[in-house]
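Please keep the sequence and the structure at hand while reading.

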Amino acid sequence: MKSIIIGVIKIAIAVGLVWFVVNQIETTDRIELPGATEEASSTYLTGEFEGDWRSDSWLFTSDDGVEYRPPLAEGWRVLPGFFTAVKSLTLSWYLLGILLWTFLLLIAAFRWQLLLKAAAVPVGYRQALKLSFIGYFFNNVMLGSTGGDLIRAVMVTRGLERNRWRAALSVIVDRLIGLFALMIIAACVLGVFWYLQRISSVRGLRQVTQIVFALLFLAIIGASIYLSRRARAKLGLDWILARLPAQKIIHKLDDAITVYRDHKGTVLASVAMSIPLQLSGIFSFWVIGEALGAGLTLGENFVIFPVVQTVSALPLAPAGWGVGESLYGWFFESFGSSFTLGVAVSVIFRLTTQVGFGLIGGLTWVASRERRQGLPITGEEQ
């Protein structure tokens, strides 16, 4: 009964977020006129664009029939509606975004294989890649943008007689290392923003900076204490764990995590590998944003993407839909773009990287010999 109530609450949150996003986006084209009235800092002309709104040759016809062409008066701003933004997608930029995300997926599978090898789980690269794609497929139907990790954890244990918990927990370790790398990148960029005194100029960025640095600090301290035999002994952590209920499960969980303290080189290599991997993800998002004319700098995307991807991973809504759109819209608006463009970029990015690659994972699962014959997916490659 409790799980049903929690599920209903999460669905309600998802519906509420989607409702909020839908009500915030603009479907009509607009031109913003700043300082037009005493009651508001700006007002808008609504109408319709003809031609590419990002070029110097568009035509805007307002609802009252007045035509506007570039250049506009100083301070006036072009704001395309959602569908106009999507229709303006530049194919070459978009294809580059897909290529960058493909690189990310290939490296991510290799990182996971290294972690599995350190946990003494015999999975080859092709199997790791196959399971990763299947996980992307299930990401689309489970809560959070990482819901498919649960399926990946279950499937990687099939056919294993030993180290099943290590295999399952490797998925969580893999995800945490990826998120840790994202936070490192975000912290570095936010540090530069702080040095350049841009923190206070962007709404809410100071609070975001504090949260990112706090999470990064807690992650480093927490991991260091948990994996250190000396720190565990001094703080009495082993004594506490020994007195918790379900000792058999606790022992298996602890073994599955602490196995990596004897493979520090693998962990460091995984973190190092995650930096270019996550950079590729950020570049992919920025490139797709450029394809839609988002107009944000690469540095701004280095702040936005890690934070939103981390929050979207929380199991709040199916595939994280609604959560990411709300945050991307808010961030884009805070950095001088528009909520609508933020949502448009988020939707196209998700449809490409999450749904598109997820469909490939679905086809992989349907066509797999393991699904048809019920064979274990783990084991050394032939």
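The model is predicted, and local features need pLDDT of at least 70, side-chain atom pairs count only at pLDDT 80 or more, while totals for chains, interfaces and linings use all residues. Residues are numbered from 1 along each chain as its sequence is written, and side-chain values use heavy atoms, with hydrogens and water left out.

**The largest pocket**

- The largest pocket holds about 930 Å³ of space, a volume being the space filled by probe spheres set on grid points that are joined across faces, edges and corners.
- Its lining consists of 26 residues, and those nearest the centre of the pocket are L176, I177, F180, A219 and A223.
- Two or more lining residues come from each of α6 (164–195), α7 (205–227) and α11 (264–291), where helices are DSSP runs (H or I, at least four residues) numbered from the N terminus.
- By class, the lining of the largest pocket has 20 nonpolar, three polar and three charged residues, with Ala, Val, Leu, Ile, Met, Phe, Trp, Tyr, Cys and Pro counted as nonpolar, Asp, Glu, Lys and Arg as charged, and the others, Gly among them, as polar.

**Helices α6 and α12**

- The axes of α6 and α12 (residues 298–312) come within 9 Å and cross at roughly 145°, the axes being lines fitted to C-alpha atoms over the stretch in contact and the angles running from 0 to 180 degrees between N-to-C directions.
- Contact means heavy atoms within 4.5 Å, and the residues making it include L179, L182 and M183 of α6 and F302, V303 and F305 of α12.
- The contact of α6 with α12 comprises 13 nonpolar, three polar and one charged residues.

**Single residues**

- S170, which lies in helix α6, counts as buried because its relative accessibility is 0%, buried meaning under 20% relative accessible area, exposed over 50% and partly exposed in between (1.4 Å probe, protein chains only).
- Not counting residues up to four places away in sequence, S170 touches W112, L115, L116 and Y260.
- D149 is placed in helix α5 (residues 148–156) and is buried, at 12% relative accessibility; beyond four places in sequence, D149 touches N139, V171 and R175.
- V355, in helix α14 (residues 339–367), is partly exposed at 24% relative accessible area, and V355 lies 8.6 Å from N139, C-alpha to C-alpha, although the two are 216 residues apart in sequence.

How values were computed:
On a 1 Å grid over the protein atoms alone, a cavity is a set of points where a 1.4 Å probe fits but cannot get out, and a pocket is an open set with protein on both sides within 12 Å along at least five of seven lines; lining residues have an atom within 4 Å of a point.
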